[in-house]
Every structure is written in C-alpha cells, then in structure tokens.
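Biologist: Please open the model, so that we may go through it step by step.

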Amino acid sequence: MSGLRRRIGPVVRKEFRQIRRDPRTLILLLGVPAFLLVMFGYALNFDVKHIRLVLCDQDQTQASRDFAEAFLRTESFDPAGTADEPDAVDAALDDGRASVGLIIPPGFAADVAVGRRPAVQVLVDGSDPTTGATALGAIEAIALSRSIRLLGRRVERLGLGEVRPLLDLRPRVWYNPELRSVRFLVPGLIAFVLMTVIVISTAFSIVREKERGTMEQILVS
C-alpha cells in the first residue's frame, strides 16, 4: 500500500498543479457539473400545479360560486378567466389560454337543494398527458370532497343527524412531505453528472498528455 501511495502521490500532485495552471480545466470540473445540476434539477420538474382553469358558471348562484371556489382555493388550479357559454370554453382550450374548463349548468343550486345530481361538465386538454392526468385526479378529489360536504348539509337539514366519514384517514408522507420532484431527481442527477465529468476529465487528461508527448496518465487511468 505504501509503495502504491508513493507511485500515485507524485502524479496526483502534478495534476493539481496542472489544474491551477489551466483555469479551463477547473471550470470544466466545477462549473459544468453545477450548471447541469441547476439546469436539469429545475428544468426536469414533474410537479404539476397552477393549471389554468376557465369557468363557465351558467347558474350564477351562491352554491355554484362556492363550488367553483373549491377548485380555485387550491394550488392545483389558477383562474384563466370566465366564459358566458360553453363554446367560449372550447375556444379557450383550443387557443391554449386554459388547460381545464369547468362548466356549471343552470339549475345547479336547485338540483343540489332537492338532492338531484347536477351534471357538471369538465373539459381537459389531453395534449400533455401528465398535466391532464393530474388535473383529472385533482378534479375528482375536489368534486368528491364537495359532494360529501353537500350531502352532509342536506342530511343535517332533514334532521337525520350528522354525516361522518366511516374511516379516519391520516396520511403521512415521509422523506419528501411536499412531494417535490426536485428532491427525487437531483440525487440521481448527481451520479449522472459525476460519471459524465469523469469521462470528460479523463479524455482531457489523455489529450493533454498526448499533446505534450507524455502518456503516463494512461498508465494511471
């Protein structure tokens, strides 16, 4: 082991001296990995939030406004304007001004009050499957939660007691509570960038030794 250290030590010291003399190599070994981590770490982002939603409320009642607010109070959706008729919602999706269209039919509040199921239409732009699937999941979850709340209010008005969920679900997310994709991607990117930099730095060393007529770096590699 000591003999190996004596053989490799001078070469390592020579490489550090060469890096100090050649700033381009230092930039390559430090600047490029940092640039790749920042670029890929934030460019490859699979967190789907703030989906643009256009609203067409044909009922214009407090119940319909409360239902629409249930979508806009979350981080999943951002308001992208309102439409007076369903055709305007189609135009907003065609123009790319919105990715989701929510159409609340007339008579929404009256149907909810008597226990009927109003048909709320949701239009989703499926050109981006990831955004479309996330939007559908968020819409179904919000609609289900709102339906349970409306059902509970109706049962209470009828004097039948209080509606409570049968299960007390308490989810807990470990290691990544915010479910941010950056925390999942960056560790893998570090390993990928290290492998890339090692190959590039080895190629640079071989080319430099070849230009100078010394090839001891090949023996070390």
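Biologist: Which residue in β2 stands opposite Leu-55?

Modeller: This is a predicted model, in which local features need pLDDT of at least 70 and side-chain atom pairs count only at pLDDT 80 or more, whereas totals for chains, interfaces and linings use all residues. Residues are numbered from 1 along each chain as its sequence is written, and side-chain values use heavy atoms, leaving out hydrogens and water. β1 and β2 run parallel and are joined by four bridges. Opposite Leu-55 stands, in β2, Thr-82.

Biologist: Within what arc do the buried residues of α4 fall?

Modeller: Helix α4 spans residues 86–95, and its buried residues (under 20% relative accessible area; exposed is over 50%, partly exposed in between, with a 1.4 Å probe and protein chains only) are Val-89, Ala-92 and Leu-93. An α-helix has 3.6 residues a turn, so residues three or four places apart point the same way. The arc is taken from the directions that lead from the helix axis to the C-beta atoms. The buried residues of α4 line one face of the helix, because seen down its axis they fall within an arc of 95 degrees.

Biologist: Which exposed residues lie on the face of α4 turned away from its buried side?

Modeller: The buried residues of α4 are covered by elements including β1 (51–57), β3 (100–104) and β4 (121–124). The face turned away from that buried side carries exposed residues, namely Asp-87, Asp-94 and Asp-95.

Biologist: Is Ser-99 buried or exposed?

Modeller: Ser-99 is found in the loop between α4 and β3. Leaving aside residues up to four places away in sequence, Ser-99 touches (heavy atoms within 4.5 Å) Ile-51, Arg-52, Leu-93, Leu-123, Val-124 and Asp-125. One of these, Leu-93, is also among the buried residues of α4. With a relative accessible area of 17%, Ser-99 is buried.

Terms used. Helices (H or I, at least four residues) and strands (E, at least two) are DSSP runs, numbered from the N terminus. Two strands pair if DSSP finds at least two bridges between them.
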